[in-house]
Amino acid sequence: MNKTAVIILNYNGAEMLRRFLPGVTAYSPDATVYVADNASTDSSCEVVRSEFPTVRLIQLEENYGFAEGYNRAIAKVDEEYVMLLNSDVQVSPNWLTPLEDMLDHHPDVAACQPKILSYRHMSRFEYAGAAGGYMDRWGYTFCRGRIFSAVETDRGQYDTPVPVFWATGAALMIRRSDYVNAGGLDARFFAHMEEVDLCWRLGCRGRRLMCVPQSYVFHVGGATLSKANPQKTYLNFRNNLLMIYKNAPAARLHGMLRFRALADTAAALMFLLTGHTRDAAAVMRARRDFRRMRRTFLPEREVNMRLSVTLTPPCVYRRSILYSYYIRGRHHFSQLKMPSL
């Protein structure tokens, strides 16, 4: 049996499979490649069967979304390492080897990601993951190579492997045992922020996350939901609040939620003033649904607090990324005063 399973979660992505799956199969000779299909209504399953006979097809009964789709797919494989790979990713030659080497030689590392570059602008980082993910003291996420909408050109400035707070779900290699032991991705998130939530749990339980830029891939991005889609706004705001509630220590939780109430209201007003009325409504709906849902997450919060060996995982930016970006004009990761990486 191969050491690594590459699992591509698919929903109505027949053309994406035709475009990107040939590279995955060609450049992953020592891995088992799976397509987990979320009950597509297009020709995806037939494309896999007829055009990619070496790829194993996992057919799910319904569209479970990103989180539960991967949970169900990973339950069906036995490989030691699992690579969660978006269907719109072009991989590079030998892309798996540096990631496998990291896990082989560092047993305290639970998961790692490659450097994520833009498929459309190959010299630039890609928004979703770049060269590793971080979080500030208020729960806002950003990346080495991308802070909010400021995406840097890759000049080799982030080519050193470093610990990260979170590794992107666009191309996430994780030990199957760590994935299962931590409870996998939270299916209630459906999509967005679920990998950050999983990595927060792992970090608090003493497991490390890494970016290994010696491996690199090119990500189209926005293939599922456009950045301008109000549903994406809704999921990002709601899931960020749920993630904070699940994982923040008691001493920090109420302060973080109070700050987010003010910041989210300001974000909704900004959307409204700039004519994005549906996004403004999405933010307020996200806050309303968070208040309704939070009690159902209490059991998971209690488990997370009980199993944590540290209340503050590594790689948290101790300041406000909003203040650093909008007030101090620090748009590049290298301009931030991060903890020693």
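Which loop is Cys315 found in? Let's start there and then tour a few other spots in this predicted model.

## Two residues with positive phi

Cys315 is in the loop between α10 (298-307) and β14 (316-317). Its phi is near 75°, a positive value in a residue other than glycine. That's worth a second look, because most residues other than glycine have a negative phi. Is Cys315 buried or exposed? Cys315 counts as buried, because its relative accessibility is 6% and the cut-off for buried is under 20%.

Asn12 also has a positive phi, about 50°, although it is not a glycine. You'll find Asn12 in the loop between β1 (4-10) and α1 (14-26). With 31% relative accessibility, Asn12 counts as partly exposed.

## A pair of helices

Now look at helix α7 (residues 230-247) and helix α8 (residues 250-273): their axes come within 10 Å and cross at roughly 170°. How do α7 and α8 run, roughly parallel or roughly antiparallel to each other? Angles over 145 degrees count as roughly antiparallel, so that's the label α7 and α8 get.

Which residues make the contact? From α7 come Thr233, Phe237, Asn240, Leu241, Ile244 and Tyr245. On the α8 side you can pick out Leu253, Met256, Leu257, Arg260, Asp264, Ala267 and Phe271.

## Leu117 and its contacts

Next stop: strand β6 (residues 109-118), where Leu117 is found. Leu117 counts as buried, because its relative accessibility is 5%. So what does Leu117 touch, leaving aside its neighbours within four places in sequence? Its contacts are Met122, Arg124, Phe125, Glu126, Asp154, Tyr216, Val217, Phe218 and His219.

Leu117 and Val89 are 28 residues apart in sequence, and their C-alpha atoms are 9.6 Å apart in space.

## A nonpolar patch on the surface

Finally, turn to the surface. Which residues form a nonpolar patch there? They are Tyr323, Tyr326 and Ile327, and together they have about 380 Å² of accessible area.

Tyr323 is found in helix α11 (residues 321-327). Its relative accessible area is 47%, so Tyr323 is partly exposed; to count as exposed, a residue needs over 50%.

Note on methods
Residues numbered from 1 in each chain as written. Predicted model: local features only at pLDDT ≥ 70, side-chain atom pairs only at ≥ 80, totals over all residues. Heavy atoms only, no water. Patch = residues over 30% accessible without salt bridge, like charges linked within 9 Å, V, L, I, M, F, W, Y side chains within 5 Å. Areas by Shrake-Rupley, 256 points an atom, 1.4 Å probe, with all protein chains shown as cover. Salt bridge = Lys/Arg side-chain N within 4 Å of Asp/Glu carboxyl O. Helix = DSSP H or I, 4+ residues; strand = E, 2+ residues; numbered from the N terminus. Buried < 20%, exposed > 50% of the residue type's maximum accessible area, 1.4 Å probe, protein only. Axes fitted to C-alpha atoms, helices over the stretch in contact; angles between N-to-C directions. Parallel < 35°, antiparallel > 145°, perpendicular 65-115°, else oblique. Contact = heavy atoms within 4.5 Å.
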